[in-house]
Amino acid sequence: QLCWMANPDGWIFWYNRGWYEYTGTTAEQMQGWSWQSVHDPRTLPQVLEQWKASIATGDPFAMVFPLLGKDGKFRTFLTRVLPVKDAEGKVVRWFGTNTDIDEQKQVEEELRTSKDRLDLALEVASLGEWDLDLQHDTGSHSHRHAEIFGYESPQPGWNFGMFLNHVLPQYRAEVDECVSAAQIGRAHV
């Protein structure tokens with residue numbers, strides 16, 4: 001967790017040790033507005049615009065952007081800055097944190113890519129998909145799944161009962177028994 005504090009005008013006067021360890025900078029290098037040197041030049045204009053707007057209004061700041069590490073690589077951080085105000089509501093100090101979310105962003109991108117591939121495979125194979133949350137008796141199904149069963153659009157309120165009605169009649173009792181056994185933690189043979 002990287003932390004810092006700034007005066008009401010945005011002049012940063014303190015960083016925690018984590019900031020210096022991550023960026024490889026010194027207190028002298030980072031005073032004031034020198035933090036810009038560890039920002040990606042592509043996102044810096046948006047960061048400055050939003051930060052200056054927060055300073056002008058006294059509103060909290062929240063944004064996701066990359067910061068340069070001492071290894072020369074950018075990592076993605078969630079940055080939040082809160083104003084500390086006096087009794088009259090005037091900002092007397094800003095307190096900021098930068099939380100490293102780089103791994104989370106990478107996992108999100110991998111999941112997005114995986115879902116895109118699955119969607120493409122389902123489309124090419126002309127397959128429908130569905131899911132059920134048995135604990136809450138809710139679920140969803142794709143447009144293609146609805147088409148396969150003769151509906152013009154996915155049916156609202158998709159749940160276990162609706163799912164079971166789409167199972168061939170001769171297998172419904174067995175499927176219902178399997179699901180019931182699974183819900184109470186019993187193996188079904």
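Two strands are taken to pair if DSSP finds at least two bridges between them. Strands (E, at least two residues) and helices (H or I, at least four residues) are DSSP runs, numbered from the N terminus. The model is predicted: local features need pLDDT of at least 70, side-chain atom pairs count only at pLDDT 80 or more, and totals for chains, interfaces and linings use all residues. Residues are numbered from 1 along each chain as its sequence is written, and side-chain values use heavy atoms, with hydrogens and water left out.

The chain contains 7 helices and 7 strands. From the N terminus on, the elements run β-β-α-α-α-β-β-β-α-β-β-α-α-α. The C-alpha trace spans about 75 × 40 × 40 Å along its principal axes. The radius of gyration, taken over C-alpha atoms, is 26 Å. A compact globule of 189 residues would have a value near 16 Å, by the rule of 2.2 Å times the number of residues to the power 0.38.

The 5 strands form an open sheet in the order S2-S1-S5-S4-S3, with antiparallel pairing. Strand S2 (12-15) and S3 stand at the edges with a single partner strand each, so one side of each has no neighbour in the sheet. Neighbouring strands are turned by 25 degrees against each other on average, direction ignored. Axes are lines fitted to C-alpha atoms, for helices over the stretch in contact, and angles run from 0 to 180 degrees between N-to-C directions.

S3 and S4 run antiparallel and are joined by 8 bridges. Phe65 has Phe77 in S4 as its bridge partner. Val64 has Leu78 in S4 as its bridge partner. The two strands, S3 and S4, form a hairpin with 5 residues between them. In that turn, Gly72 has a positive phi of about 85 degrees.

The structure holds 1 cavity of 30 Å³ or more. On a 1 Å grid over the protein atoms alone, a cavity is a set of points where a 1.4 Å probe fits but cannot get out; lining residues have an atom within 4 Å of a point. Grid points are joined across faces, edges and corners, and a volume is the space filled by probe spheres set on the points. The largest cavity has a volume of about 130 Å³. Of its 13 lining residues, Trp4, Trp35, His39, Phe65 and Thr79 are the closest to the centre. Helix H3 (44-57), strand S3 (61-68) and strand S4 (74-85) each supply at least two lining residues. S3 gives the largest share, 3 residues. The lining divides into 10 nonpolar, 3 polar and no charged residues. Here Ala, Val, Leu, Ile, Met, Phe, Trp, Tyr, Cys and Pro count as nonpolar, Asp, Glu, Lys and Arg as charged, and the others, Gly among them, as polar.

A further hairpin is formed by S6 and S7, with 4 residues between them. Strand S6 (residues 130-133) and strand S7 (residues 138-141) run antiparallel, joined by 4 bridges. Asp133 has Thr138 in S7 as its bridge partner. Asp137 in the turn has a positive phi of about 50 degrees.

Note on methods. 1 Å grid on protein atoms, 1.4 Å probe; cavity = no way out; pocket = protein on both sides within 12 Å on 5 of 7 lines; lining within 4 Å.
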